[in-house]
Amino acid sequence: MISIWFFIGIALAVNGGLILAAGVFQLLSPPITPAVALFKLHANVWWGALLLAIGLIYCFRFAPKR
Amino acid sequence: MSPLPAMAVPSHLVRLSAVDVVIVIFYFALVLSIGWYLRGRAHTGEDFFLAGREMSAWVAGLSFLSANLGALELMGWAGSAYQYGILATHWYWIGAIPAMLFLALVMMPFYYICQTHSVPGYLKLRFGEPARALSAISFAFMTVLMSGVNMFAMAKVLQIVLGWDINFSIWVSSVTVAIYVGLGGLRSAIFNEVLQFFLIWAGALLIPILGLYEAGGWWHLKLLIAQRASEQYVHLWATLGSFSNNPMGINWVGIVFGLGAVISMGYWTTDFLVVQRILSAKDIRSAQMAPIIGAGFKMLVPMIVILPGLLGLAVLPEKLVPESMATVSGAHSYNDVLPLMMARYFGPGLLGLGVTALVAGFMSGMAGNVSAFTTVWTYDIYRPLMNQRGSDRHYVNMGRWTTVIGVLISVGTAYLVMQFASIMDYVQALFSFFIAPLFGTVVLGMLWRRASAAGGFWGLLCGTLCSISMWTWVKVDPSALRYVALSPHAKGLAQDMYQALWSFLTCVGVTVVVSLATKPLPEVELNGLVYGLTEIPAVADLSLYQKPVFWAAVVGIVFVVLNLIFW
C-alpha cells in the first residue's frame with residue numbers, strides 16, 4: 001500500500017514547484033507596483049523552494065518501490 | 001467550537017491568478033485520486049468504519065488534531081484574537097491540552113480494550129441500550145446539521161474572500177467529499193485530514209513569519225498592540241481576576257473549570273468525531289500516543305491562528321469591526337483578518353496555497369462529520385434498532401449509502417440556513433447541549449464501578465435538560481446571564497462556560513444519586529469497561545522514551561511553561 005507520507009510529498013512538491021516558479025517569474029520581471037507588502041523579500045521564492053525540497057524528500061523516502 | 005458567525009460583506013477580498021487556480025484544482029484532483037486508490041481497501045466493516053484499525057500513532061494523532069482544525073476554526077479564532085487579544089489562546093491550550101492528555105492516559109485504554117466502534121457503543125456496553133440510543137440519535141442528528149451549517153458558513157466565506165458562487169462551493173465540495181469518503185471510508189477521510197494538516201501549515205505559517213518581520217519582532221508587536229488596542233490584549237491570565245477586567249467578560253473560574261475541566265474534556269474525550277480517529281490506531285500504545293502527539297502540535301496552532309489576529313491589530317491600516325457593523329457599513333469584520341493578512345503578504349502561488357488550505361480545512365471537516373455520522377448511524381442506530389441480522393457486507397453498503405445521504409442532508413441544511421439564518425445559532429447551541437453531560441456520564445462510567453445503568457441514563461438526560469433549560473432561560477431573558485455565570489459583568493462566552501459547568505455537575509449529581517438508589521451491574525459485565533476491573537497492558541518492558549506517560553509529562557511541562565511565559 002502506498003504510504004500516506006508519499007501523498008504528502010507529492011502535494012508539497014507540486015505546490016512548492018508552482019509557487020517557486022511563480023516567484024522566479026516575478027523576480028525576473030517584477031511588477032511596477034507590487035501588490036503585496038514585503039515584496040522585496042520574495043517570500044514565494046524561498047518558501048516555494050522549501051516546500052519543494054521537503055516534498056521531494058518525502059517522495060523519495062516514502063516512494064512505493066521502497 | 002467555532003465562533004464564526006454569518007458574514008455579509010460585499011466585494012471579495014482577494015483575486016486568484018492562473019497559478020493559484022492550478023494549485024486549487026490540483027488539490028481536488030489529489031483528494032479524489034486518494035479516494036479512488038483507497039476504494040479497494042474498504043471491504044469489511046472494520047476497514048470502512050475504523051480504517052482497519054491499522055493507523056500509526058502519528059497518522060491517528062495528526063488526523064485527531066486536524067478534525068478540529070477546519071477553516072472556520074482558523075478564521076473564527078483569528079478573528080477572536082483580533083477582537084479579544086491573546087485570551088483566545090485559552091481555547092488552544094487550557095481548552096485542549098489537559099483534555100487530550102486525560103484522554104490518552106485515563107480514558108483511551110477503556111475505549112480501546114472494549115473494542116467499541118464508537119462512543120455510543122461504549123455507553124451501550126457500560127450503561128445499556130437506552131443510554132446508547134439517547135447519545136447516538138442526538139449525535140447523529142446534530143452532526144449532519146452541524147455539517148450543513150459549516151457548509152453554508154464556508155460557502156459564504158468563499159463568496160466573500162474569492163467571489164465564488166455559493167451554490168458552486170456547496171455542490172463541488174459536497175460531491176468531492178461524498179466520493180472520497182464513500183469510496184475509501186474512514187481511511188480516506190484520515191488520509192485527507194493528514195494532507196490538510198500539512199497544507200494548512202504550509203499555507204499559513206508564512207503569515208506570522210512575515211508579520212513578525214514587519215512588526216519588528218514580538219516585543220515591538222506587544223507595544224504596537226498596546227498603542228492601538230490595550231495592554232490587556234497581550235496577557236493570558238493576568239486580566240482574568242474579574243469579569244470586567246478583560247475584553248472577553250469572563251473570569252479565571254469560567255476558563256479553568258468551565259472551559260478546561262468540562263467543555264474541553266467533553267469535546268476532546270467524548271465527541272466521536274475526534275475520538276473515532278484514535279480508535280483507528282493499530283494498538284493501544286499508538287492509541288495513547290496519538291492524542292499526545294496531537295496535543296504537542298495543538299500547542300503550536302496559536303502561531304498560525306492567534307498570532308495572525310494579533311498581527312492584524314498591529315499592521316493592518318484599517319480598523320476591523322464587529323459583524324453587525326460590517327454588514328451595515330461595508331467595512332471588513334474581525335473574521336476577515338486571516339484572509340486580509342493573506343492578501344497583504346501572499347503573491348501568486350502563495351495565495352493559491354492559502355486558499356487551498358482553507359478549502360482543505362473545510363472539506364476535511366465535512367468528511368469528519370460525515371464519517372462519524374455514518375459509523376454511528378450504521379452501528380448504533382440501524383444495526384441495534386432496525387436490522388440486527390445483516391451481514392458485514394450489508395453494513396458496509398449501508399455505510400456507503402449513508403455517506404451519500406449524510407452529505408445530501410448536510411446540503412439540505414445548508415440551503416435551509418441560507419433561507420433562515422437564525423437556524424445557525426440554534427444548531428450551534430444544540431450541539432453544545434450534549435457535550436458536557438456526556439463527558440460526566442462517560443467518565444463516571446469508566447472510573448466508578450458503582451454507576452448503574454439507570455444512573456447513567458438519567459444523569460445524561462437530566463444534564464442535557466439542564467443545559468437546554470439554562471440556554472432557553474437566557475434566550476428569553478438575557479439578564480438571566482448574571483445568575484447562570486454568577487456575575488452581572490458576564491458576557492456571552494461566559495454563558496457557554498458556566499452552562500457547561502452546571503450541566504456537568506447536574507449529570508454527575510443525578511448519576512450518583514440514582515446509582516446509589518438502584519442495583520449496580522454485576523462486576524463480570526464491567527470487565528474491560530471500568531477502572532479497577534480492567535487489565536491494562538503493562539508498559540514496564542518499554543524504555544522511558546517509548547512510554548506514553550513520559551511524553552505526556554513532556555507536553556504537560558511545555559504547556560505550563562507557555563502559560564507562564566504569556567501570563
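Predicted model: local features only at pLDDT ≥ 70, side-chain atom pairs only at ≥ 80, totals over all residues.
Trainee: Okay, and chain A?
Mentor: For chain A the accessible surface is about 3600 Å², with 74% belonging to carbon and sulfur atoms.

Trainee: What about burial, how much of chain B is buried?
Mentor: Of the 567 residues in chain B, 62% are buried. In chain A, buried residues make up 42% of 66.

Trainee: Switching to folds: which secondary structure does chain B have?
Mentor: Chain B has 23 helices and 0 strands. Chain A has 2 helices and, again, 0 strands.

Trainee: Why would you call the size of chain B in line with a compact globule?
Mentor: Because a compact globule of 567 residues would have a radius of gyration near 24 Å, and chain B has 23 Å, which agrees. Its C-alpha trace spans about 65 × 55 × 55 Å along the principal axes.

Trainee: And what radius of gyration does chain A have?
Mentor: Chain A has 15 Å, but a compact globule of 66 residues would have one near 11 Å. The C-alpha atoms of chain A fill a box of roughly 50 × 20 × 10 Å.

Trainee: How about contacts along the sequence?
Mentor: Counting contacts with a separation of 6 or more, residues 24 or more positions apart account for 84% in chain B and 79% in chain A.

Trainee: Last one: how many positive and negative side chains are in chain B?
Mentor: There are 28 positive and 24 negative side chains in chain B, and the centres of the two sets lie 3 Å apart.

Terms used. Residues numbered from 1 in each chain as written. Chains lettered and ligands numbered in written order. Heavy atoms only, no water. Helix = DSSP H or I, 4+ residues; strand = E, 2+ residues; numbered from the N terminus. Rg over C-alpha atoms; globule rule 2.2 N^0.38 Å. Buried < 20%, exposed > 50% of the residue type's maximum accessible area, 1.4 Å probe, protein only. Contact = heavy atoms within 4.5 Å. Lys, Arg positive; Asp, Glu negative; His and termini not counted. Charge placed at Lys NZ, Arg CZ, Asp CG, Glu CD. Areas by Shrake-Rupley, 256 points an atom, 1.4 Å probe, with all protein chains shown as cover.
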